[in-house]
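Please look over the structure before reading the points below.

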Amino acid sequence: MHRIMGLDIGDRRIGVAVSDPTQTLAIPLKTIVRKDDESAVLEITALIKQHDIGRLVIGLPYLLDGSLGEQARKVMEFTAKIRGRTAIETVMQDERLTSVTAGQKLREGGKKRDRLRRQIEAATTGQRLLEARKKRDRLKKQIDVAAATVILQAYLDDIAAADQISQQVPPSL
């Protein structure tokens, strides 16, 4: 059974998560810093080969009213570039509020964003400001990979629920 990869595609970073071999759990993998589309697509295709990926789940950022906005258009354009490089199945997953959920989960796990914000505000010297920016960048990368994990886990839960329902339906007489 192939693994499934989840992507949270942003303008600056791409969060990447993979499923376990049983396609039950989403595991955070990494954050790709998006310098340009070509290098990002090459890195994604390398990860697809490295982790024996059979399907891509890409978060599509619907607006809260259910429509697609500018960021969704950008995600679909980038997805087309990935599809041009690989033949694996690609599925779009609603990702509304996944970054918020990911941030909450990180905070629950001990990552205190408010403390970091206070450190940034309190930093007056160049060195402390540089350290605070590095911490902020690390937190943003953690949120991106966590968002990819939330997107993928939602998809895995959806397919598990669909399998469970199909197993409960009695055969027709």
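A residue counts as buried when its relative accessible area is under 20%. By that cut-off, 37% of the 173 residues in the protein are buried. The model is predicted.

**Fold**
- The protein contains five helices and five strands.
- Along the sequence, these elements follow the pattern β-β-β-α-β-α-β-α-α-α.
- Among contacts with a separation of 6 or more, 64% join residues 24 or more positions apart.

- In soluble globular proteins, nonpolar side chains tend to be buried together.
- The largest nonpolar core here has 21 residues, and Met5, Leu7, Ile14, Ile44, Leu56, Phe78 and Ile82 have the most contacts inside it.
- At least two residues of this core come from each of strand 1 (3-9), strand 2 (13-19), helix 1 (37-50), strand 4 (53-60) and helix 2 (70-83).
- Helix 1 contributes the most to this core, with five residues.
- Leaving aside residues up to four places away in sequence, Ile44 touches Met5, Leu7, Ile14, Ile32, Phe78 and Ile82.
- Another core, of ten residues, lies apart from the largest one; Val57, Val91, Leu152 and Leu156 are among its members.

- The largest pocket holds about 250 Å³ of space.
- Ten residues line this pocket, and Ile9, Gly10, Asp11, Gln71 and Asp144 are the closest to its centre.
- Its lining comprises six charged residues, three polar and one nonpolar.
- The protein exposes about 10,300 Å², with 52% of that area supplied by carbon and sulfur atoms.

Methods:
Residues numbered from 1 in each chain as written. Predicted model: local features only at pLDDT ≥ 70, side-chain atom pairs only at ≥ 80, totals over all residues. Heavy atoms only, no water. Core = buried A, V, L, I, M, F, W, Y, C linked by side-chain atoms within 4.5 Å. Buried < 20%, exposed > 50% of the residue type's maximum accessible area, 1.4 Å probe, protein only. Helix = DSSP H or I, 4+ residues; strand = E, 2+ residues; numbered from the N terminus. Contact = heavy atoms within 4.5 Å. 1 Å grid on protein atoms, 1.4 Å probe; cavity = no way out; pocket = protein on both sides within 12 Å on 5 of 7 lines; lining within 4 Å. Points joined across faces, edges and corners; volume = space filled by probe spheres on them. Nonpolar A, V, L, I, M, F, W, Y, C, P; charged D, E, K, R; others polar. Areas by Shrake-Rupley, 256 points an atom, 1.4 Å probe, with all protein chains shown as cover.
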